[in-house]
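Work through the following exercises with the structure in view. Each task is followed by a solution in steps.

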Amino acid sequence: MAKYFDVHPDNPQPRSIGQIAAGIRSDALIAYPTDSCYALGCRLGSRDGIDRIRSIRQLDSRHHFTLVCQDFAQLGRFVQIDNDVFRAIKASTPGSYTFILPATREVPRMLQHPKKKTVGVRIPDHVVTQALLAELGEPLLSSTLLMPGEEEPMTQGWEIKDRLDHVLDAVIDSGDCGTEPTTVVDFSGGEAEIVRRGAGDTTRFE
């Protein structure tokens, strides 16, 4: 049964954030709100978490997982960025974007695309998520909470708790959450390639 955390959207309760972070360190799988929509999240090196996310979403080995980072300094540990790409990403973060980039050795191989050796990274503009990332001190391994066969992700904490109670360890509810996933931009080939148009404005990458 998933624990339900009612977290204030502007002033997240430190006790709740601390409990959630402790759970993640102990291999908990959570559903949490972002600036685009709800996501599933677990510890960076959690093989169990990865397997559970794949099972819930019915994902294959080609799926790009996302490392949700607190800031640009943290993001830079996990991906290789040249100067031009650095400027483009820096100007768009924090925000509703996921960037696909070559992974560094800091990224476990099980998280990398099997052929391209790339990984998705993002810095969300969401108070609760930022508080959780600050408490964790490392990125969250994440994937959009979009169920198989459904066109839109779930947006209400209570609905997620009701439907996925048996497969999650915790649900964070901090009020309304967006319905549109991130815009995904692939920089792994050196030039910006828009893979998915979502909540983030694509103008600067076109």
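**Exercise 1. Decide whether Asp84 is buried or exposed, then find its charged partner.**

Solution. The model is a predicted one.
Step 1: The relative accessible area of Asp84 is 55%. The cut-off for exposed is over 50%, so Asp84 counts as exposed.
Step 2: Asp84 is in a salt bridge with Arg87, and their closest N and O atoms are 2.4 Å apart.
Step 3: Helix α4, residues 83–90, holds both Arg87 and Asp84, which are three residues apart, about one turn of the helix. An α-helix has 3.6 residues a turn, so residues three or four places apart point the same way.

**Exercise 2. State how many salt bridges there are, and describe the one between Asp35 and Arg122.**

Solution. 
Step 1: The count of salt bridges is nine. Side chains of opposite charge can pair when their charged atoms come close.
Step 2: In one of these, the side chains of Asp35 and Arg122 meet with an N to O distance of 2.7 Å.
Step 3: This pair joins distant parts of the chain, for Asp35 sits in the loop between β2 (30–32) and β3 while Arg122 belongs to strand β6 (residues 118–122), 87 residues apart.
Step 4: Arg122 has a relative accessibility of 5%, so it counts as buried.

**Exercise 3. Describe the salt bridge between Asp165 and Lys161, and say whether these residues are buried or exposed.**

Solution. 
Step 1: A salt bridge brings together the side chains of Asp165 and Lys161, at 2.9 Å from N to O.
Step 2: Both Asp165 and Lys161 are buried.

**Exercise 4. Work out which residues of helix α2 are buried and how they are arranged around its axis.**

Solution. 
Step 1: Helix α2 spans residues 47–57, and its buried residues are Gly49, Ile50, Ile53, Ile56 and Arg57.
Step 2: Viewed down the axis of α2, these buried residues fall within an arc of 130°, so they line one face of the helix.
Step 3: Arg47 and Ser55 are exposed on the other side of α2.
Step 4: The packing partners of the buried residues of α2 are β3 (39–42) and β7 (140–144).

**Exercise 5. Compare the radius of gyration of the chain with that of a compact globule.**

Solution. 
Step 1: For 206 residues, a compact globule would have a radius of gyration near 17 Å.
Step 2: The chain has 16 Å, which agrees.
Step 3: Along the principal axes, the C-alpha atoms fill a box of roughly 45 × 35 × 30 Å.
Step 4: Of the 206 residues, 52% count as buried.
Step 5: The chain contains six helices and 10 strands.

Conventions
Residues numbered from 1 in each chain as written. Predicted model: local features only at pLDDT ≥ 70, side-chain atom pairs only at ≥ 80, totals over all residues. Heavy atoms only, no water. Buried < 20%, exposed > 50% of the residue type's maximum accessible area, 1.4 Å probe, protein only. Helix = DSSP H or I, 4+ residues; strand = E, 2+ residues; numbered from the N terminus. Arc of directions from axis to C-beta. Contact = heavy atoms within 4.5 Å. Salt bridge = Lys/Arg side-chain N within 4 Å of Asp/Glu carboxyl O. Rg over C-alpha atoms; globule rule 2.2 N^0.38 Å.
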